[in-house]
Amino acid sequence: MFDNRTNVLITNDYRQGIDMSLLASEIIETDSSWNSMIMPYVSVDAAASQNKDAWAQVVLSIANRNTFSESASRIITVDLTSDESIVEISARLRLLFLFINRGQVSNSASVAPCFAQDTYPAMLALVKTLEGAGMGEDWSPDGARSIRIGKAKHLFVSVDMPIADQSPSPDTFLEIIQSHQIDVSWYDQCVYPRASTPGLTTVMFGVPDNSDPHYSTSIFKRERLRNLSGRPGGMHFSSQLGCSVLAAV
């Protein structure tokens, strides 16, 4: 299904020891309906159903970013359950922003703790979602871990396998996957200096589990608490279905 452009995204540092077929086998199928691409169906009995509201807020935040004050930015935190997957929703978010920004210079990014478990499947999921949306001929690799449509570019970053990249800082959308496993000190040193562009929307998905030793020092715990405390420009979506907290804006 994938062509040589997909292989271009695979650099020598992670060809070693990674079974591509195993990583790709669990990617969720998508269809070609743009209606479902914009607002994907999530079953009502799944814990992920509350993420529909989070999805809508992210889309609105991006669409309205030019109406915010010059210094405004949005930080959205979303609770996940330990067994919950957001592969499909995240891939559709990336596709949507690449598509709507294809006519202008736009940079977005995904940050994840583990290349093999998080980043690589996310890259393949985006490629497959592009194929399912009938856009298989519209994208191209741009660097070791980035995908471009027109003038819009999305970069993938891994904590455990960093690469030298001179891409511009994200100015539209920044997604932090498994943010409960990303240490706050690493984030502040490696991500925050490039994640403070005015108008940027940052979305952090994480599991609020105090029994997880990574959670206590994670960027998700800190930003989640700040949103729950009423941070300007912040919004939190609880793991309880239909529950969200809108901070002052």
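Let me start with a question: in which loop does glutamine 178 lie? It lies in the loop between β6 (173-176) and α8 (184-191). By helices I mean DSSP runs of H or I with at least four residues, and by strands runs of E with at least two, numbered from the N terminus.

Before I go on, some ground rules. This is a predicted model, where local features need pLDDT of at least 70 and side-chain atom pairs count only at pLDDT 80 or more, while totals for chains, interfaces and linings use all residues. Residues are numbered from 1 along each chain as its sequence is written, and side-chain values use heavy atoms, with hydrogens and water left out.

Back to glutamine 178. Its phi is near 50°, a positive value in a residue other than glycine. Glutamine 178 counts as partly exposed, at 22% relative accessibility. For those labels, buried is under 20% relative accessible area, exposed is over 50%, and partly exposed is in between, with a 1.4 Å probe and protein chains only.

Now the overall picture. The protein has 9 helices and 9 strands, and buried residues make up 49% of its 249 residues. Take the contacts between residues at least 6 apart in sequence: 75% of them join residues at least 24 apart. Contact here means heavy atoms within 4.5 Å.

On to the strands, starting with β5. Why is strand β5 (residues 152-158) largely enclosed by the rest of the structure? Because 6 of its 7 residues are buried. Strand β2 (residues 106-112) runs parallel to β5, joined by 7 bridges, and strand β4 (residues 146-149) pairs with β5 in the antiparallel sense over 4 bridges. Two strands count as paired if DSSP finds at least two bridges between them.

Next, strand β8 (residues 234-237), which is covered on both faces. Gly234 and His236 are on one side, Met235 and Phe237 on the other, and all are buried. Strand β1 (residues 74-79) runs parallel to β8, with 4 bridges joining them; isoleucine 75 has glycine 234 as its bridge partner.

Now the helices. Two packed helices are described by the angle between their axes and the distance between the axes. For helix α6 (residues 87-100) and helix α7 (residues 115-132), the axes come within 9 Å and cross at roughly 60°. The axes are lines fitted to C-alpha atoms over the stretch in contact, and angles run from 0 to 180 degrees between N-to-C directions. On the α6 side the contact is made by Val87, Ala91, Arg92, Arg94, Leu95 and Leu98, and on the α7 side by Ala122, Ala125, Leu126, Thr129 and Leu130.

Leucine 93 is also in α6. It is buried, with a relative accessible area of 1%. Beyond its neighbours within four places in sequence, leucine 93 is in contact with Trp55, Val58, Val59 and Phe173.

What about the cores? A nonpolar core is a set of buried Ala, Val, Leu, Ile, Met, Phe, Trp, Tyr and Cys residues joined through side-chain atoms within 4.5 Å. The largest has 20 residues, and Leu126, Leu130 and Ile147 touch the most other members. α6, α7, β4 and β5 each supply at least two residues of this core, with α7 giving the most, 8 residues. Apart from it lies another core, of 18 residues, among them Val78, Phe97, Val207 and Phe237.

Last stop, helix α9 (residues 219-228), where we find phenylalanine 220. Is phenylalanine 220 buried or exposed? Buried, at 0% relative accessibility. Leaving out residues up to four places away in sequence, phenylalanine 220 touches a list that includes Val78, His180, Met204 and Tyr215. Serine 218 sits in the loop between β7 (201-206) and α9, and serine 218 counts as buried too, at 2% relative accessibility.
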